[in-house]
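Hi,

Here is the structure I promised to pass along. Have a look at it first, and my notes follow below.

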Amino acid sequence: QLQLVESGGGLVQPGGSLRLSCTASGTTLDFYTIGWFRHAPGKEREGVSCITNSDDSFNYSDSVKGRFTISRNNAENTVYLQMNSLKPEDTAVYYCAATSQPLMIFRRCVVGAQGYGHWGHGTQVTVSS
């Protein structure tokens, strides 16, 4: 059974960078679209980005577009989220999730869609001076 583990979170100053990793075990990520989500205290969970397994097409929420980059390395069974120009409002617990039936529009995965059946336990990202 697919299991996901996030890593790479931490404390960073505004304007800094972090790279999150989502590493799978139990089965290959080749068959899954991966989404990154975040949950900040007092707010609803928010979709951040997603990347498909078929053609590596990707998508971002407006709040992170131009600052975050998602990528995948199937040989390492890992998906990455490079986060640059971090802001205090990026502070949250970040989760990766997997689905074999992604919601697609115009050949791009829909960020924050429902239907992700496999979730990691999350990694804390804190952006503060």
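Predicted model: local features only at pLDDT ≥ 70, side-chain atom pairs only at ≥ 80, totals over all residues.

Counting the bonded cysteines along the chain, the disulfides pair up as 1-3, 2-4. There are two of these disulfides in total.

Let me start with Cys22 and Cys96. Their sulfur atoms sit 2.1 Å apart, and they form a disulfide. The link of Cys22 and Cys96 is right-handed, with 75 degrees about the S-S bond. Cys22 belongs to strand S3 and Cys96 to strand S9, so this bond ties together parts that are 74 residues apart in sequence. Cys22 is buried, at a relative accessible area of 0%, and Cys96 counts as buried too, with 0% relative accessibility.

The other disulfide joins Cys50 and Cys109, with 2.2 Å between the sulfur atoms. The torsion about the S-S bond of Cys50 and Cys109 is about 105 degrees, so that disulfide is right-handed. It links distant parts of the chain: Cys50 is in strand S5 and Cys109 in strand S11 (residues 108-109), 59 residues apart. Both Cys50 and Cys109 are buried.

You'll find Ser57 in the loop between S5 and strand S6 (58-60). A polar atom of the Ser57 side chain lies 3.3 Å from the backbone oxygen of Arg107. Setting aside neighbours within four places in sequence, Ser57 is in contact with both Cys50 and Cys109, as well as Ile51, Thr52, Met104, Arg107 and Arg108.

Now the nonpolar packing. The largest nonpolar core has 28 residues, and the members touching the most others are Ile34, Trp36, Leu81, Met83 and Tyr94. Several strands each supply at least two residues of this core, among them S3 (18-25), S4 (33-39), S8 (78-83) and S9 (92-99). A second, separate core has five residues, including Phe37, Cys50, Ala97 and Cys109.

What does Leu81 touch, beyond residues up to four places away in sequence? Its partners are Leu18, Arg19, Leu20, Trp36, Val48, Ser49, Phe68, Thr69, Ile70 and Tyr94.

Cheers

Terms used
Residues numbered from 1 in each chain as written. Heavy atoms only, no water. Core = buried A, V, L, I, M, F, W, Y, C linked by side-chain atoms within 4.5 Å. Buried < 20%, exposed > 50% of the residue type's maximum accessible area, 1.4 Å probe, protein only. Helix = DSSP H or I, 4+ residues; strand = E, 2+ residues; numbered from the N terminus. Contact = heavy atoms within 4.5 Å. Disulfide = S-S within 2.5 Å. Polar contact = N/O pair within 3.5 Å; in protein donor to acceptor, adjacent residues only side chain to side chain.
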